[in-house]
Amino acid sequence: MRYFTLSTAIAGIFLLATGCQKKASDLPAEKDKTPVEAFDCPGCLPIAYVEVDSLLNNYNLARDLNEQMLTREENARMTVNEKSRQLEKEVNEFERKVKNNAFLSQERFEQEQQRLIKKQQELQTYAQQLENELMTEQQKMLLQVTDSITNFIKEYNKDGRYEAIFNNSSVLFIKPAYNITEEVTVLLNKRYASRQK
């Protein structure tokens with residue numbers, strides 16, 4: 001079975017983008033509002049970025065869902081392993097009987113052989129079904145986290161202070177002054193905590 005984490009999956013597709021409603025020069029100067037002091041500096045652009053890995057590692061919703069996913073994967077693996085061990089015991093017993101000529105007839109030998117082959121096929125089908133269910137569940141969790149973050153970013157930027165908010169995995173270089181990851185993470189966690197109550 002394949003195992004994966006929410007962080008790995010979401011990092012590849014996560015994209016933050018917002019529309020511009022105001023120019024930077026139209027915004028009131030608010031100290032400590034953004035890393036670039038609400039654009040109260042020459043040459044600063046009305047843009048920002050979020051470090052996706054850091055955000056996902058510290059956003060409690062993503063962490064909780066990732067833990068749930070890991071638990072489900074572990075439970076699935078344990079279930080498949082237990083069924084595999086049981087089948088292996090039965091195969092070993094079958095081979096022991098063959099070696100000792102313990103089958104009373106060729107028909108009985110073939111029946112037992114076919115039963116074990118069918119059981120192996122059923123186990124393979126079961127393992128594939130579990131994997132498919134996990135992948136479907138992962139996609140749901142991925143969508144939940146992505147929607148949560150993108151909806152928050154739209155709300156966060158409703159005053160139009162930024163023309164664009166990027167994720168750092170999509171750009172080759174951007175000045176650290178434009179990094180809003182910590183602020184976004186804190187606010188996301190506050191919102192998540194309030195909804196948990």
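The model is predicted, so local features are taken only at pLDDT of at least 70 and side-chain atom pairs only at pLDDT 80 or more, while totals for chains, interfaces and linings use all residues. Residues are numbered from 1 along each chain as its sequence is written, and side-chain values use heavy atoms, with hydrogens and water left out.

Starting with the overall layout, the protein chain holds five helices and two strands. Read from the N terminus, these elements come in the order α-β-α-α-α-β-α. Here helices (H or I, at least four residues) and strands (E, at least two) are DSSP runs, numbered from the N terminus. Of the 197 residues in the chain, 35% are buried. A residue counts as buried under 20% relative accessible area, as exposed over 50%, and as partly exposed in between, with a 1.4 Å probe and protein chains only. The chain exposes about 12500 Å², and carbon and sulfur atoms supply 50% of that area. Accessible areas come from the Shrake-Rupley method with a 1.4 Å probe, and for residues only the protein chains shown count as cover. As for contacts (heavy atoms within 4.5 Å), take those between residues at least 6 apart in sequence: 85% of them join residues at least 24 apart.

Next come the helix pairs. Helix α3 covers residues 60-99 and helix α4 covers residues 106-156; the two pack at an angle of about 175°, with their axes 11 Å apart. That angle is why α3 counts as roughly antiparallel to α4. Axes are lines fitted to C-alpha atoms, for helices over the stretch in contact, and angles run from 0 to 180 degrees between N-to-C directions. Angles under 35 degrees count as roughly parallel, over 145 as roughly antiparallel, 65 to 115 as roughly perpendicular and the rest as oblique. Sorted by class, the contact of α3 with α4 has 19 nonpolar, nine polar and eight charged residues. In this sorting, Ala, Val, Leu, Ile, Met, Phe, Trp, Tyr, Cys and Pro are nonpolar, Asp, Glu, Lys and Arg are charged, and the others, Gly among them, are polar.

Helix α4 also packs against helix α5 (residues 181-196), at an angle of about 110° and with the axes 11 Å apart. This makes α4 roughly perpendicular to α5. On the α4 side, Ser148, Ile149, Phe152, Ile153 and Tyr156 take part, and they meet Glu183, Val184, Leu187, Leu188 and Arg191 of α5. By class, that contact has seven nonpolar, one polar and two charged residues.

Now for the charged side chains. Side chains of opposite charge can pair when their charged atoms come close. A search of the whole structure turns up 10 salt bridges, each one a side-chain nitrogen of Lys or Arg within 4 Å of a carboxyl oxygen of Asp or Glu. One of them joins Arg72 to Glu137, at 2.8 Å from N to O. This pair links distant parts of the chain, with Arg72 in helix α3 and Glu137 in helix α4, 65 residues apart. Arg72 is partly exposed at 37% relative accessibility, and Glu137 is partly exposed at 23%.

Another salt bridge pairs Glu74 with Arg77, at 2.3 Å from N to O. These two sit three residues apart in helix α3, so about one helical turn separates them. Glu74 is partly exposed, with a relative accessible area of 30%, and Arg77 is partly exposed too, with 32%. Glu155 and Lys158 also meet in a salt bridge, at 2.9 Å from N to O. Glu155 is partly exposed at 45%, whereas Lys158 counts as exposed at 56%. Elsewhere, a network of salt bridges links Glu90, Arg108, Glu112, Arg115 and Lys119.

A few single residues round out the picture. Asn101 is found in the loop between α3 and α4 and has a positive phi of about 50°, although it is not a glycine. At 68% relative accessibility, Asn101 is exposed. Asn167, in strand β2 (residues 164-167), is buried at 0% relative accessibility. Asn167 and Glu51 are 116 residues apart in sequence, yet 6.0 Å apart in space, C-alpha to C-alpha. Finally, Ala127 belongs to helix α4 and is buried, at 15% relative accessibility. The C-alpha atoms of Ala127 and Thr79 are separated by 9.1 Å, with the two residues 48 apart along the chain.
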